[in-house]
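Dear colleague,

Please find the structure below, followed by a summary of what was found in it.

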Amino acid sequence: MLSAAMTDTIFALSSGALPAGVAVIRVSGPDARNTLLTMFGKVPEPRRAAYGTISDVEGNPIDSGLILFFQGPASFTGEDVVEFHMHGGRAVIAAMFKQLGTLGLRSAEQGEFTKRAFLNGKLDLTEAEALADLIEAETEAQRRFAVMNASGGQKELYEGWRGRLIEYRALLEADLDFSDQEDVPGSVAEKVGLELEQFANEIDVHVSSFRRAEILRQGFDVVIIGRPNAGKSSLLNALARRDVALVSDEPGTTRDLIEIALDLGGVKVKVTDTAGIRDGAGKVEAMGIDRALSRASEADLVVQLQDLSSDEEPDLFEGALCVGSKLDLATGDFRLPFAISVETGQGISELLREIELKARDALGQAGDILPARLRHIELLTRAAAWMRDAISHNQIELKAEALRQASHEIGLITGRVDVEEILDVIFSRFCIGK
Ligand code: GDP
């Protein structure tokens, strides 16, 4: 599995932006040990912090700091790894990088440490993807989901599924040796066919839970609509100023759609403000309205604001949560489940609570294993199609071949495709040694 690139020793700043109190430079590869000998004078005992001076090749000190040495394969990448914990000054790190370059090391590409960990069998692809999610996690729900998968949640599910497919195939292939080559009633092939049908349905259900994972990772999508002056942007601004706003989110992309992200009880929620919707708008405004309506039709939740200080009746958007706005100016009665005032702050917490409940509802049971990426969905869909293809054939060879394709697709999710292992299954389940 050792690729040419892995004979290189790589380094990178693994901690955050400089300057910082402490910065961590990680080095991985065959020269990690020599680098330590040159720059630290010795190789400390693996996994024990050692304190000392870190010097350049001429022996001039660069800084003092802590060194951690991980001897491969007991390291993140599976190779020898060194961590330099030093002062996080820009010049300190620049001097270190210069030295590491002089010693023939090169700076790591994006994700290269994790890639090496994968190539060395330390993680499968779903665990590697989950690590990326964990690093990006902004909310508690995202963190929990990422941690579950980083410690093998999806891997277990998909490896289990692949194991089942390999087993069915082994059963069919063994049957082939002992019987006619057709699927006859009551045969192994028939039984496998029935189970495969259920299994493919199980995969369909899993695939259909993708929207839940998207909500989790990208946020529950709330769109605010209403007439011009209904108070939409005032509400959005009020929400953006609350402590639930996630500042790290990307700013709105278009002039008439402004988006903010909130952390509501650990769930990421995106709220988008749209152009005001009214009849008889001019051409340019009408385009904005069209965009607002089409955006609303894709949303997980539409909040329709209705100005309580005006008696204009809004055109109701189907399925929208109707919220009265400008409660402080309200005259007369109104029949709406929620009413808010941005002016007094009234009703906003209740509205947020309602949105949070709806977001939680859409997320479903915490702890469910969900397909987290489009890549997973594509491969799972192909696998289910191959399974149905297997069911459709009468000839056992064709069934077996379709199952091989199906397990290959699932193997691509975890990145652990190994064609040899069907032999193990056959040998372990059947007494062929006679
Ligand atoms: P939009 O066109 O729907 O985005 O509406 P705006 O947010 O721009 O609000 C229209 C006007 O209503 C502005 O003058 C706001 O200051 C005012 N407004 C919005 N919300 C409230 C509220 O809760 N109370 C009062 N008194 N005025 C509000």
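A network of salt bridges links D8, E79, R106, E112 and R116; a salt bridge is a side-chain nitrogen of Lys or Arg within 4 Å of a carboxyl oxygen of Asp or Glu. The count by this rule is 27 salt bridges. The model is predicted, so local features need pLDDT of at least 70 and side-chain atom pairs pLDDT 80 or more, while totals for chains, interfaces and linings use all residues. Residues are numbered from 1 along each chain as its sequence is written, and side-chain values use heavy atoms, without hydrogens and water.

E356 is buried at 13% relative accessibility (buried means under 20% relative accessible area, exposed over 50%, partly exposed in between; 1.4 Å probe, protein chains only). R360 is partly exposed at 35%.

As for the ligand, 14 residues surround it, and N229, K232, S233, S234 and V342 are the closest (a residue is near if one of its heavy atoms lies within 4 Å). Ligand oxygen atoms lie 2.7 Å from a side-chain N or O atom of K232 and 2.5 Å from one of S234. The ligand alone exposes 580 Å², of which the protein buries 70% (Shrake-Rupley method, 1.4 Å probe).

Yours sincerely

Conventions
Polar contact = N/O pair within 3.5 Å; in protein donor to acceptor, adjacent residues only side chain to side chain.
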